[in-house]
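Welcome! Please take a moment to look over the protein shown here before reading on.

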Amino acid sequence: MSHKHDRTLFTSGLARVEGEGAMYVRVTGSRVDEVRLDIYEPPRFFEAFLRGRSYTEPPDITARVCGICPVAYQTSACHAIEDACGARLDGPLADLRRLLYCGEWIGSHALHIYMLHAPDFLGYPGAVEMAAEHRDVVERGLALRRAGNAIMELLGGRSIHPVNVRVGGFYRAPSAAELAPLARRLRDALPLAQDTARWVAGFDFPDFTCPHELLALSDPGRYPIERGTLVTSGGLAFTAAEFEQHVIEEQVPHSTALHARLAGNGQAGDGRYMTGPLARYTLNSGSLPPLAAEAAAEAGLGPSCRNPFRSIVVRAVEVICAIEEALRIIGEYRPPARPAVPVTPRAATGYGVSEAPRGVLYHRYELDSGGIIRSARIVPPTSQNQPAIEDDLRRFVQARLDFDDARLTSACEQAIRNYDPCISCSTHFLDLRVDRR
Amino acid sequence: VTAPRQAGTPAVVIGIGNEFRRDDGAGPAVVTRLRGQVPAGVELLITDGEPVRMIEAWAGAEVAVIVDAVRAEPAVPGRLHRLVLHRPGNSGARPVSSHGFGIDEAIGLALALDRMPGRLIVHAVEAADLGQGVGLSPAVAAAVDVLAAAVLRDLTGPGQRG
């Protein structure tokens, strides 16, 4: 491939990312002068759709933003509305919320590791081709995913768009006896998760470092999953209510998604930041439960990880963490006195955050005194990561200009998949086209 | 998937789609229309089309009927397509789908993992509008009853054993 002329890589649909997206890379001579990730994102639609609806509705409605991470949407929505109404969950109800979220982490991470990301490292075009030659491996991934789904079906009522979640808790809380079979299932899944971590740790990872500031939740004494306050690698610490003071969203011409940046441009000076597994791990690796910490050490992760290609290893460690946490919660579980705390509406604004599998998910709701939603704001992880993904791509392509277009396009797609972007969380249409000019 | 599928279920009808993406809600609308009308033992499920869920939904079923909206170019909104895979896995035939990570991948994965149903029937309706919002376009809405009747014929008609 000659590099004396300009070249353009354009992928109108990205394979093996959730939803729709397009990538555009323009190279002039030996310089990458433009990288765009076009994304088409549904939360903005849901913000409008929620206006005028009752404060009880966001958990059900926003869960439909994404079939892969409905619990994240439900949880951030519940936190925000409970915050507005002055309600607080603790004890077994808070534990059940964490348990449900563990189910989503296990299921979502298993899907991404096995079906979307591993084929990149093993040289397969996709999971179908990988399954043909490594059936046992894919079966292990499916078994892990089923273990996560089992939690979601028991607590959520079903694994997509769970229906048992309500503002203030649940419609129905399980008995200890109902959770016992789940514990057996999770104990069976634990060695599969440990094997997964060993398996992915053996992949070859391109040498690549992400310089961006990191943003994650912090939940003192434990790994952040369903709740926490926000911290950054640059030393910021703030609450959900202060999120919009620290994270500014801007419209960019090439995307329906808003781009997020840190106010004051953060420590790195460019405002870019990254949320998701690498940020969570780097800012919270000291809080991992014992078996997850052991797996991280065995996988050679160290206290921080800034290579986005290694995010697959961090996800595998987080699957172990979620299983351990789920088993701990089930082991200590005493049914709550009631399945939900009362949540009485009032005119107020509430803020909620949680750690979706892909990163921090922020919700804000403004309610009137009758509990009608006056405004809603949803900031999903992918729009926060988009500037960081584009910057990664720019540097990644710049260092690989000797690749031919097909190889370079494929490498870029892998680099994008590092972030498990939920580009359009709620549709399954996807066209793949590669144009070279 | 609304519930884990029971082993030995003779038939399952799977509506794929998202009611918040206009005509993508056609599959779920057909399943909703079929509630209370299907023979005993037929399961009705709604899913987002994620392949692993699809496989779990149909594995072990004698017949699986899928209803989905498709994007076609050029499109004739409301136009219906029906594809049948008899004893999938022996022919290598796969339905053509616009889904990069959807039915075709689910079939490929199920073939590799030996988890195909005995017979797979795919009903597709060409969509007019897949933008964000609720409600089907008139042409697709008009096709819902026709599709529901076609699915019932698959479950009860002479071709049922075919």
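Predicted model: local features only at pLDDT ≥ 70, side-chain atom pairs only at ≥ 80, totals over all residues.

Residues are numbered from 1 along each chain as its sequence is written, chains are lettered from A and ligands numbered from 1 in the order in which they are written, and side-chain values use heavy atoms, with hydrogens and water left out.

## A sheet of three strands

In chain A, 3 strands form an open sheet in the order β12-β13-β14, with antiparallel pairing. Strands (E, at least two residues) and helices (H or I, at least four) are DSSP runs, numbered from the N terminus, and two strands pair if DSSP finds at least two bridges between them. At the edges lie β12 (348-356) and β14 (373-379) of chain A, each pairing on one side only.

β12(A) meets β13 (residues 359-367) of chain A over 9 antiparallel bridges. Within β13(A), A:Arg364 is the bridge partner of A:Tyr351.

## A helix on the sheet

Helix α12 (residues 381-398) of chain A packs on this sheet and touches β12, β13 and β14 of chain A; contact means heavy atoms within 4.5 Å. The direction of α12 makes about 130° with that of β13(A), using axes fitted to C-alpha atoms (for helices, over the stretch in contact) and angles from 0 to 180 degrees between N-to-C directions.

For A:Cys78, the nearest cysteine sulfur is that of A:Cys85, 11 Å away.

A:Cys78 counts as buried because its relative accessibility is 0%. A:Cys85, at 9%, also counts as buried (under 20% relative accessible area, with a 1.4 Å probe and protein chains only; exposed is over 50%, partly exposed in between).

Definitions and conventions: Disulfide = S-S within 2.5 Å.
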